[in-house]
Amino acid sequence: MIAHAAAAQAADLTPAYVHAADPRALLGRGVLAVFGFGDAAPRTLDDPRYVHIGLQPAAGPAPFEVWRTPRAVTPWQSGELRGAHDGKLAFGCIEIAELHAGIIGAAEFAYRELVAHLQGSAYPHLLRAWNYLDAITEGAGDEERYRQFCIGRAAGLVGYGGQFPAGTAIGRRDGRRILQVFWLAARSPGAAIENPRQLAAYRYPRQYGPQPPSFARAMLAPSALRLPLLLSGTAAVVGHASQHGDDLPTQLQETFRNFDALILEAQAQVPSLPCNFGGGTLLKAYVRDRDAMPEVTARLDALLAPDVARLVLHAEICRRELLVEIDGFHS
Ligand code: 3EB
């Protein structure tokens, strides 16, 4: 273990869950971003690297998520966008209130701003995007807020020439109609990875809405960077169809089969990537039903090695039948 750590070069991004009484103590020079979860975390901090995510943790106060880099970080702010960069990687965040144009307009605006920012930036290549919005499955049929979000996101991305980033789109339950988008970008493009068990989301058929979602299943870092594999939100979707109706254990099993297949694909390009989740993995499990959170926690404890960092959050998944979705980092 120690020999392995000594042999490894310093990673260019190390995400971790860290318990702290005051997140300001976490915002050191080599920290690209800090995320606070749920009611116990501050809503705002006077630092462009801090983001509050209104998702409640399973039990007790959640840890903060901290993205460390081996370099000194420069925070930035530009209009409604903010973040930090370190010479190799950039973190950015935009939070947009849903006003008259609703979630479509907010998503289009946020992504238009993001694309305009990237185009003038030293880090023009989007690797990974996270999207959090309130009440994601509210609305019937094509009026559903997730489907509308997908329309706005695609419209905002029109001017972006690059490949789709790895992604997460998750619903909050806090009643705050604010779209949060944050991202990781780099100087050169990553390599998008698709899952052979799943249809590429951007090819989903019409039954899931008029605009297929704009994300890749995972992203490998550009070769100049040492980054963990960026794992998109992953659930019990095989082909394009949700599996295992209302059964949490088999949905979880299917989710991990999807991760296995995805990691195998990535290994074809990075043979040193471990096949199993371990000490270089950080996961976030989004659970629809509050009462199922202890069960998800217990099942993850049984399925995962003890050194896999994990956080269980109460959230809405963008298809009503999906009980759980997991995203994260793996190295
Ligand atoms: C799925 O497999 C589940 O719209 O950005 C996962 C990850 C999902 C990202 C997105 C949606 C998104 O289709 C949903």
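Visitor: In which strand is the place of Phe-182?
Guide: This is a predicted model, in which local features need pLDDT of at least 70, side-chain atom pairs count only at pLDDT 80 or more, and totals for chains, interfaces and linings use all residues. Residues are numbered from 1 along each chain as its sequence is written, and side-chain values use heavy atoms, without hydrogens and water. Helices (H or I, at least four residues) and strands (E, at least two) are DSSP runs, numbered from the N terminus. Phe-182 has its place in residues 178-186, strand E11.

Visitor: Is Phe-182 buried or exposed?
Guide: Buried means under 20% relative accessible area, exposed over 50%, and partly exposed in between (1.4 Å probe, protein chains only). Contact means heavy atoms within 4.5 Å; not counting residues up to four places away in sequence, Phe-182 touches residues including Phe-35, Trp-67, Phe-91 and Trp-130. With a relative accessible area of 2%, Phe-182 is buried.

Visitor: Which residues of helix H5 are buried, and within what arc do they fall?
Guide: In H5 (residues 293-303) the buried residues are Met-293, Val-296 and Leu-300. Seen down the axis of H5, they line one face of the helix, because their arc (of the directions from the helix axis to the C-beta atoms) is limited. On the other side of H5, Pro-294 and Ala-302 are exposed. The arc within which the buried residues fall is 60°.

Visitor: How are H4 and H5 oriented to each other?
Guide: Axes are lines fitted to C-alpha atoms, for helices over the stretch in contact, and angles run from 0 to 180 degrees between N-to-C directions. The axes of H4 and H5 are 11 Å apart, at an angle of about 45°. Angles under 35 degrees count as roughly parallel, over 145 as roughly antiparallel, 65 to 115 as roughly perpendicular and the rest as oblique. H4 and H5 are therefore oblique.

Visitor: Which residues of H5 make the contact with H4?
Guide: From H4, the contact is made by Leu-248, Pro-249, Leu-252 and Phe-256. On the H5 side, the residues are Glu-295, Val-296, Arg-299, Leu-300 and Leu-303.

Visitor: How are H2 and H3 oriented to each other?
Guide: The axes of H2 (residues 102-119) and H3 (residues 145-156) come within 7 Å. They cross at roughly 30°. H2 and H3 are therefore roughly parallel.
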